[in-house]
Amino acid sequence: MSKRSGQTKDGRTVEYVEVPDPPMGGMKKVYFSPDRSYVVAFFHDPQAAADANRHARLDAVLGRFNPTTDPEAGEYWKKLFCWPTGVLNRPTLGVVAPAYPPGYFFETGPFKGKEKKGKWFSSPKLRSYLPEAERGDWRNYFQICILISRAVRRLHQAGLAHSDLSCNNVLIDPSRGLSVVIDIDSLVVPGMFPPDVLGTPGYIAPEVLGTTHLPVRDPKRVHPSARTDQHALAVLIYEYLLFRHPLRGPKIYSAASAEEDEHLGLGAKATFVEHPTDRSNRPPDLRPTVADLGPQLADLFGRSFVAGLHAPDKRPGAIEWERGLVKTWDLLHPCLGPKCPSKWFVLHGTTAGPCPFCGAKPPGPVPVLRLRKEVRPGQWLPDANLVVHDAGLGLFDWHVLANVFPGERADRTRRGYFARHQGKWLLVNEGLASLTSPAGSPVPPGAAVELKPGAAFRLSKEPNGRLAVPDFLPG
Ligand SMILES: [Zn+2]
């Protein structure tokens, strides 16, 4: 173990600790800084330094395409991406990147000290080895899906593509509901020759896998892009919400060769395990299904794995996933079933449950706020739903105002919360300037509105302020 120093292209000296057997990735070996706050990663390939494409790509990724230097939202993006902070050209080509926060390493159990790659959590077999405290509840996986969609949406908005989005390149912390996208230096940058990356088995889009036999520069060969990221993103979300792979089912595509079977089953012949009409790849006893995740997500999965599986331009964009997940987040309800593996479920439809994970029903009627926005004076149209519970549910600007989205720039100050008091459901005002009771009187901060069936009230009288209509769903 000895302290070394390297130099970045912009002339900074960067220290690192050389060890005999550093952690290795497919393309790089990684050393920590003396204080372990950052890492340096050197490319294995000695030719990498001479590759002008790679230099140009790295310069673009650190420079004009870098979301973490955004003056308004940079700090937010630093939590969602492990974005490189420098390019080393001495002693050899490498990148400098922040070290992952401690929450992304297993704290206990047989994998103590290892990085929390997504595959440990999405595979039922690997999951069974994890200590309970590391597994997290279902709502945390839901939040992880929102964060991954947001990160990919940000890349795509800038014209970038990740190219190798997979359970290996997204670290997740289910005990806290956090995720970080890693391996940013192989991004596909607009106008530059793509990196020599195929992807990770299980996440490679069918059209990429189906053309790997063609030469790299053949015009029919399909390379990683935002469209192929959209496939990988849908696979990740499906795995984290349902703990199974969307294409790996019982169907045998080639009895003669396991390799051929995998190649066809994830490529040219891939079939969604939940395909509504072609049930050839459907496992027996498939529960829960995408229909249990509410209409928004059922639609997005249908477009990803039925309509868009072999038609890339029909796949939903990352921004649609982000919006659909955020809308569905507002439908989550705690499950009190004593054996429930999930502890949360999506409450949609006209009755409250049962929970698709364990079959338990909420003990009493569940209030849902039907939110409406004013499209012209006096005309209010349904716009969103908020399932109410008293397990820490807050009210935020994006519930109150129809034109606010809870993205990277949103103000996350809680404006109110829900509580059950002597059999009544209350919305307690904490910071709403013009909350109004159903009878039309002001409800100042510190006071509460009681939720009564059909008794509509204004959350705000500001422009875009919503109307809330309480609806009670029978259990
Ligand atoms: Zn349950």
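Biologist: How far apart should the end C-alpha atoms of helix α6 be, at 1.5 Å a residue, and what does the model show?

Modeller: This is a predicted model. Start with the general idea. An α-helix has 3.6 residues a turn, so residues three or four places apart point the same way. Now the case here. Helix α6 covers residues 138-157, and its 20 residues should span 28 Å at 1.5 Å a residue. Its end C-alpha atoms lie 29 Å apart, which agrees.

Biologist: Is α6 mostly covered or mostly open, and how many of its residues are buried?

Modeller: Mostly covered. In α6, 18 of the 20 residues are buried. A residue counts as buried if 20 or more other C-beta atoms lie within 10 Å of its own. After α6 comes G159, with a positive phi near 90°.

Biologist: What does helix α8 look like by the length test?

Modeller: Helix α8 has 17 residues, 226-242. From first C-alpha to last it reaches 24 Å, close to the expected 24 Å. Of these 17 residues, 16 are buried. Just after α8, F243 has a positive phi of about 55°.

Biologist: Now the sheet. In what order do the strands lie?

Modeller: Strands of a sheet pair through backbone hydrogen bonds, either parallel or antiparallel. Here six strands form an open sheet, ordered β2-β1-β5-β6-β4-β3, with antiparallel pairing. At the edges are β2 (13-18) and β3 (28-32), each pairing on one side only. Neighbouring strands are turned by 40° against each other on average, direction ignored.

Biologist: How many bridges join β1 to β2?

Modeller: Six, with β1 (residues 2-8) and β2 running antiparallel.

Note on methods. Residues numbered from 1 in each chain as written. Predicted model: local features only at pLDDT ≥ 70, side-chain atom pairs only at ≥ 80, totals over all residues. Pairing = 2+ DSSP bridges. Helix = DSSP H or I, 4+ residues; strand = E, 2+ residues; numbered from the N terminus. Axes fitted to C-alpha atoms, helices over the stretch in contact; angles between N-to-C directions. Expected span 1.5 Å × (residues − 1). Buried ≥ 20, exposed ≤ 12 C-beta atoms within 10 Å, placed from the backbone.
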